[in-house]
Amino acid sequence: MRNLPESLRTLQGKVAIVTGASRGIGRAIARELSEYGASVAINYSSSSTAAEKIVAEITQAGGNAIAVSADVSKVEQVEALVNKVMEKFNRIDILVNNAGITRDTLLLRMKPEDWQAVIDTNLTGVFLCTRAASKIMLKQRWGRIINISSVAGQMGNPGQANYSAAKAGVIGFTKTVAKELASRGITVNAVAPGFIATDMTSSLNAEDILKYIPLGRYGQPEEVAGMVRFLVADPAAAYITGQVFNVDGGMVMA
Ligand SMILES: NC(=O)c1ccc[n+]([C@@H]2O[C@H](COP(=O)([O-])OP(=O)(O)OC[C@H]3O[C@@H](n4cnc5c(N)ncnc54)[C@H](OP(=O)(O)O)[C@@H]3O)[C@@H](O)[C@H]2O)c1
């Protein structure tokens, strides 16, 4: 964890929920927001040991964090997550909808369960968490919501009909909710990573993939976290809402 100077710690006094923060991109986002001064709720679905490890790391560095187990696709668990964060920190300023799964297979082999599991976690989860957290943000008249989409939702990817449908859905959801919440000081943006080195991409064949990435390498979780931090922590981002930001080594050029 970096020890940033006081002048950069623009998130002091703010509270962030990062879903799926036990590993990968979510973990990097949680660390980054904590370094910028936020108190962070580390959500996870099953990796309790990993989540508690990040909490310990943040706490040792002088920050505030709690680990909260909740399956983002389940309405009662999402309500309990938000209630727990309110009990502990008494406000919610930032929500990063990052939790996601893949169940990759070609269309004709895709079972309804593969379709539904991915839609439930990657799209319904974003809806449920945004609905629950935005109620608090509306009262506070300030909020920052970031939804993690994917290049797959913009350009498609064979074997990911379920995942690309969910991630495209996240982009449409982002734009509508940005319009609904704008008048209350809440911005809503999407970040679309390309191939980032995490557990999710560890079994892919890099040689097949690298030829589609102009910068010629996988991204690091910290590179996605930097974009999220800009959007939630930098005063210069206050006039940005309803947008999609690619962090993809140049894969998608609109
Ligand atoms: N890696 C990439 O190349 C890439 C590219 C584009 C977009 N993305 C998106 O970026 C996000 C993070 O991906 P990643 O690569 O960091 O994935 P990852 O390493 O597989 O980590 C996924 C995280 O999501 C959590 N999670 C899964 N299902 C959940 C549920 N139902 N409720 C709550 N948490 C749940 C996991 O918690 P447990 O540990 O408890 O299971 C874990 O913390 C995802 O939305 C993914 O689609 C990733």
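The largest nonpolar core of this predicted model holds 36 residues, and those that touch the most other members are Ile29, Leu33, Ile42 and Val96. Several elements build this core, each supplying at least two residues: the strands are S1 (15-18), S2 (39-44), S3 (65-69), S4 (94-97) and S5 (143-148), and the helices are H1 (24-35), H2 (48-60) and H8 (221-233). Helix H8 makes the largest share, with six residues.

Once neighbours within four places in sequence are set aside, isoleucine 29 is in contact with Val18, Val96, Asn98, Ile148, Ala225 and Val228. Elsewhere there is a second, separate core of 30 residues, with Val72, Phe89, Met137 and Ile186 among them.

From the cores we can turn to open space. The largest pocket has a volume of about 1200 Å³. Its lining counts 49 residues, and Gly100, Ile101, Thr102, Tyr163 and Met200 are the ones nearest the centre. Two or more lining residues come from each of H1, S2, H4 (112-140), H5 (152-155), H6 (161-181) and H7 (206-210). Of these, H1 gives the most, namely three residues.

Last come the aromatic rings. A pair of such rings is described by the distance of the centres and the angle of the planes. With ring centres required to lie within 6.5 Å, the count here comes to one aromatic pair. A charge can also sit over a ring: lysine 14 lies over the face of tryptophan 142, at 4.5 Å from the ring centre.

Key. Residues are numbered from 1 along each chain as its sequence is written. This is a predicted model: local features need pLDDT of at least 70, side-chain atom pairs count only at pLDDT 80 or more; totals for chains, interfaces and linings use all residues. Side-chain values use heavy atoms; hydrogens and water are left out. Rings of Phe, Tyr and Trp (its six-membered ring) pair if their centres lie within 6.5 Å; planes under 30 degrees apart count as stacked, over 60 as edge-to-face and the rest as tilted. A charge sits over a ring if NZ of Lys or CZ of Arg is within 6 Å of the ring centre and within 35 degrees of the ring normal. A nonpolar core is a set of buried Ala, Val, Leu, Ile, Met, Phe, Trp, Tyr and Cys residues joined through side-chain atoms within 4.5 Å. Buried means under 20% relative accessible area, exposed over 50%, partly exposed in between (1.4 Å probe, protein chains only). Helices (H or I, at least four residues) and strands (E, at least two) are DSSP runs, numbered from the N terminus. Contact means heavy atoms within 4.5 Å. On a 1 Å grid over the protein atoms alone, a cavity is a set of points where a 1.4 Å probe fits but cannot get out, and a pocket is an open set with protein on both sides within 12 Å along at least five of seven lines; lining residues have an atom within 4 Å of a point. Grid points are joined across faces, edges and corners, and a volume is the space filled by probe spheres set on the points.
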